[in-house]
Amino acid sequence: MTVARPCPIRQACRREVVRGGLFSQRMRNSALFFVFSIAASGCAASGSSGAGNSFSLPEGDPEAGKVVFVESQCSFCHAVDGVDGLPAPVAEPPIPFALGGSSKRMSDGQLVRAIVDPSHFMSDAYPEAATQVGGESRMPAYRNTLTVQQLIDLVAFLQDAS
Ligand code: HEC
């Protein structure tokens, strides 16, 4: 369980979570709690039931999301199909796919999951050497760097390109 990770003793952590101690101290008023809830949804969406596919974020601003995309250096690795004016990717080896495009349509939950926890689900459609290092995604996890509003706008931008 993700919230239990910072605690060295798992049992003690569980007790904290049950009592609401750790949870409320660290997570109350925290955007992270929101993100974790969404991320859980993304996880369900990648399963066979597809239940998480009905999840959608509040409406975001795709133009603002494009700015977040560039400022967060997503374009270091990713091109986006059908979107001009982005810096060209420079990652070596190159990422073997572009984001966006109707054939690769992802739900909001799947996109959020891909952004906050890239190693959770990695497609096996691409050579591992181009997407993974030591079993982990080459993509950094953005869970501590984006505000919830930035995440919403980023997803709106990627959905707009799909
Ligand atoms: C250092 C390179 C790198 C950077 C920077 C990076 N990514 Fe990625 N990204 C990857 C790799 C590699 C994958 C494929 C493995 C995986 O799913 O994590 C990927 C996968 C994805 C996927 C899932 C695509 C699919 O078809 O499954 C999305 C969505 C995505 N990235 C969005 C972003 C966004 C948005 C940013 C910026 C906030 C970003 N990435 C920054 C390397 C990067």
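Two residues are in contact here if their C-beta atoms, placed from the backbone, lie within 7 Å, and the model shown in these views is a predicted one.

**View 1. The packing of helix α4 against helix α7.** Helix α4, which spans residues 62-71, packs on helix α7, residues 148-160, at an angle of about 105°, and the axes of the two helices are 7 Å apart. With that angle, α4 is roughly perpendicular to α7.

**View 2. Residues at the contact of α4 with α7.** On the α4 side, the residues taking part are P62, A64, G65, K66, V68 and F69, and these meet Q150, D153, L154, A156, F157 and D160 of α7. Sorted by class, the contact of α4 with α7 consists of seven nonpolar residues, together with two polar and three charged ones.

**View 3. The shell around the ligand.** There are 23 residues around the ligand, of which C74, C77, P118, S137 and M139 come nearest. By class, this shell divides into 15 nonpolar, six polar and two charged residues. Helix α5, which covers residues 108-116, gives the most to the shell, contributing three residues.

View 4. The loop between α5 and α6, the latter formed by residues 128-131, holds H120. Because 14 other C-beta atoms lie within 10 Å, H120 is classed as partly exposed, a class that falls between buried, at 20 or more such atoms, and exposed, at 12 or fewer. In sequence, H120 and E136 are 16 residues apart, while in space 8.8 Å separates the two, C-alpha to C-alpha.

Note on methods
Residues numbered from 1 in each chain as written. Predicted model: local features only at pLDDT ≥ 70, side-chain atom pairs only at ≥ 80, totals over all residues. Axes fitted to C-alpha atoms, helices over the stretch in contact; angles between N-to-C directions. Helix = DSSP H or I, 4+ residues; strand = E, 2+ residues; numbered from the N terminus. Parallel < 35°, antiparallel > 145°, perpendicular 65-115°, else oblique. Nonpolar A, V, L, I, M, F, W, Y, C, P; charged D, E, K, R; others polar. Near = placed C-beta within 6 Å.
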